[in-house]
Amino acid sequence: MAKNLVIVESPAKAKTIEKFLGKDFTVKSSFGHIRDLPGKNISVDIENDFAPDYVIPDDKKKIVAELRKLAKGAETVWLASDEDREGEAISWHLLEALKLKEENTKRIVFHEITKSAITKAVENPRKINKDLVDAQQARRVLDRLVGYELSPVLWKKIKPSLSAGRVQSVAVRLIVERENEILDFKYTSSYKVVANFLVSNNAVLKAELPQRFNTKTEAESFLNKCKSADFTIENLETKPAKKSPAAPFTTSTLQQEASRKLGFSVSQTMTVAQRLYEAGKITYMRTDSVNLSNDAIGAAKKEITTSYGEEYSQVRKFTTKSKGAQEAHEAIRPAYMSEHTFMGDPGQTRLYELIWKRTIASQMADAKLEKTTVKINISTTNENFVAKGEVLIFDGFLKVYLEGTDDENSADKEGILPPLSVGEKLNVEEISATERFSHHPARYTEASLVKKLEALGIGRPSTYAPTISTVQKRGYVVKEDRDGNQRDFTTLTLKGGNINDVTAKENYGFEKKKMFPTDIGIVVTDFLVENFGKVLDYSFTAQVEEQFDAIAEGQKQWNKMIADFYNPFHKQIEDTLENAERASGERALGTDPESGRPLIVRIGKFGPMAQIGKTEDEGGAKFASLLTGQTIAKITLEEALELFKFPKSIGKYEGQEVVVAQGRFGPYVKFNEMFVSIPRDEDMASVDLNRAIELIKQKQEADAPIDEYENIPVQKGVGRFGPFIKWNGMFINVNKKYDFDNLTHENIVELIEIKKQKEIDKYIHRWDEEGISVQKARWGRFNIVKGKLKIELPKTFKVEKLTLEEVQKMIEEKAPKKKTRAKAKKKK
């Protein structure tokens, strides 16, 4: 057995490091955290300094057992997880869970996986930094407390199955508030005036009036003045200018630029960057530092001089400006400056080249330009036309890279001007005054949201991607394209002494990969802002981040920080549960013409819905779910009335009625016992019998058995949680070990037998006649199950000795007492 055991958090990282260490080292992966807070309860001892109750999940027990065995046989254990707070916490959990002796355990860190970096780390080990661990632990505990205490409030006051998070809810608030700004925005129009002049050699000089006219009348008046005017170059000013390169990438700027230039989502960027880091190609990808080491600067200078020439090299040192910068190690850069590309998968190649270009450009000379401004006199008015142009004298860093921009309305790039001289008279070809409209504030993309969070000091490099993923998974925000609208605009054109007035149409409002709040996201945000304003306050959230930083620096005790937050927060929770009104985002649309009853839209148990009448009305209320793309804020009375025409029979097929209806998960076609989803982008009102039959046939083909086992057919499909096979009423997930498109009979038998054994193994007791069972649950706990009732038992409970009578008594005590109709009515 090797004298040295090195533990990292990922197998890819282990594989790369192993190449640099000798035969005396064994490198193993912990596959991330080996301990965590269990998911079924709060797992924080509020009465005992907020001590967390960490457990080893079932899927990590085998890994822990193997690592313990290897650690016992090693002289030294090297903990080599990532260098940030999360990595420090992983190392600490390994120390605790593996029961390692501190004198035989060494902590090593490195920000790039190269031979020199690994060797240097082994030569300079340290102890685990408990301050960094406490900072991570504080974040984990605080987020658990907020989530577990706020969520039940949302269940009671809005609808079941909702959840809230400290940073995630603030991110949703930003998106909701931006949407409100856009809904309140009033478009205004003005007239932009552009002139085309003919100069020598029939070249065209394009000039613009610096100010715009507010009305068509003012624009037309100006054009009339230009009919008899002379146009002369009054002034010609040329100035040198320069452009400087952007700093090397931080986590935030990499996410933003990969979104602009590569179309990557924030989570995709981090996944690809992680692979590049673990392959030893780039430095650590979670950082808010723009600093480059002296070695990196030297390597960049050498590469620039070799590839482009000495005049392109300019050594630069950048300083970090972001609030609360913590991972002040080094910017994200290539491990080897001489490697211009990396032949991985296409995503890795593109991201690596982006990082290489940005890093190299940051150490290159400024681009030198010559900017020219031309002032053109109009003899009949005090206004002047202005033309601008620029010439690139020396490309400098632009030879390699130019940073992108999020400005959707940025001006066109200035071009090269033709030869001109002061006093030169110009011949006008045409002057146009075009109606242009103001722009509402831009909706957030994932990248611009990261930029905003960073500017506010909310979150840190390790939290941006999970925050944005979480708000989308919870259904509070959607990222999608949306079609725009059309509007008329006017252009007045002066040509040959005549003014032409033309009205044309333009498209506007098209959105690509933008973040929109859902109805439930808006209702939840409004409720939380009203009742928990401090928790969702931007400044307060940033202050919490600063307190985490203080803990990491050893300036604050983590559990005192939690206590200062939790005690007033918990009182607010109790007050809200007791006194706050229910929230549904209700909006009145008008009156149902058929019944004369009011029609409203609101959040219901299964999401946004329309409602005619009240539940206490004779005959009750009528309900209909809103369709995909419809929102509480924008749906009209006419659109809402259409919803109540469903379910609707559209004819018969093979002697069976075909019905189009709207369900919990969207519109569908019902045929016999079959339910067929209507595609999201398809209007259910447009589905006729022919289209329904087409969908039915597609479903029948997809559901056709692919095999048979024990005389029972096997089907396959793809659901919410990925690919599966269905056999004997059981849905069996198919993991990546199998080729889902080419499953063999042996694969299917193996999957079914494993599932059957799991079903057998999960039961401790099973009383089929009574419909009661005691089953194994996650985190070593147990559940008593009867129908929909589930009673959770702790892992210390001696379930093996339970009798049917004892279980029935526990069910009786736990089951909700049924109200009689009279009592329920009286209470109402």
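Me: What covers the buried residues of α12?

Reply: In this predicted model, the cover includes α6 (166-184), α8 (251-262), α9 (266-278), α13 (464-473), β13 (477-482) and β16 (511-517).

Me: Which residues in helix α12 are called buried, and what makes a residue buried?

Reply: In α12 (residues 446-456) they are E446, A447, S448, L449, V450, L453 and E454. They are called buried because each falls under 20% relative accessible area.

Me: Which residue follows α12?

Reply: G457 follows α12, with a positive phi near 75°.

Me: Which residues is F110 in contact with, leaving aside its neighbours within four places in sequence?

Reply: They are K13, I17, A80, E83, A117, I118, A121 and Y277. Each of these counts as a contact because its heavy atoms come within 4.5 Å of F110.

Me: What is the order of the four strands in the open sheet?

Reply: The order is β21-β22-β23-β24, and the pairing is antiparallel.

Me: What makes β21 and β24 edge strands?

Reply: β21 (648-653) and β24 (674-677) each pair on one side only. Averaged over the sheet and ignoring direction, neighbouring strands are turned by 30° against each other.

Me: How do you know that β23 pairs with β24?

Reply: Four bridges join β23 (residues 666-671) to β24. At least two bridges are needed, so β23 and β24 count as paired. The two strands run antiparallel, and V669 stands opposite V676 in β24.

Me: How do α8 and helix α11 pack, at what angle and how far apart?

Reply: The angle between α8 and α11 (residues 346-362) is about 115°, and their axes are 11 Å apart.

Me: Is the crossing of α8 and α11 left-handed or right-handed, and why is it called that?

Reply: α8 passes α11 in a right-handed crossing.

Me: Which residues meet in the contact of α8 with α11?

Reply: From α8 come T253, L254, E257, A258, K261 and L262, which meet R350, L351, L354, I355 and R358 in α11. By class, this contact has six nonpolar, one polar and four charged residues.

Conventions:
Residues are numbered from 1 along each chain as its sequence is written. This is a predicted model: local features need pLDDT of at least 70, side-chain atom pairs count only at pLDDT 80 or more; totals for chains, interfaces and linings use all residues. Side-chain values use heavy atoms; hydrogens and water are left out. Axes are lines fitted to C-alpha atoms, for helices over the stretch in contact, and angles run from 0 to 180 degrees between N-to-C directions. Buried means under 20% relative accessible area, exposed over 50%, partly exposed in between (1.4 Å probe, protein chains only). A crossing is left-handed if the near helix is turned anticlockwise from the far one by less than a right angle, and right-handed if clockwise. Ala, Val, Leu, Ile, Met, Phe, Trp, Tyr, Cys and Pro count as nonpolar, Asp, Glu, Lys and Arg as charged, and the others, Gly among them, as polar.
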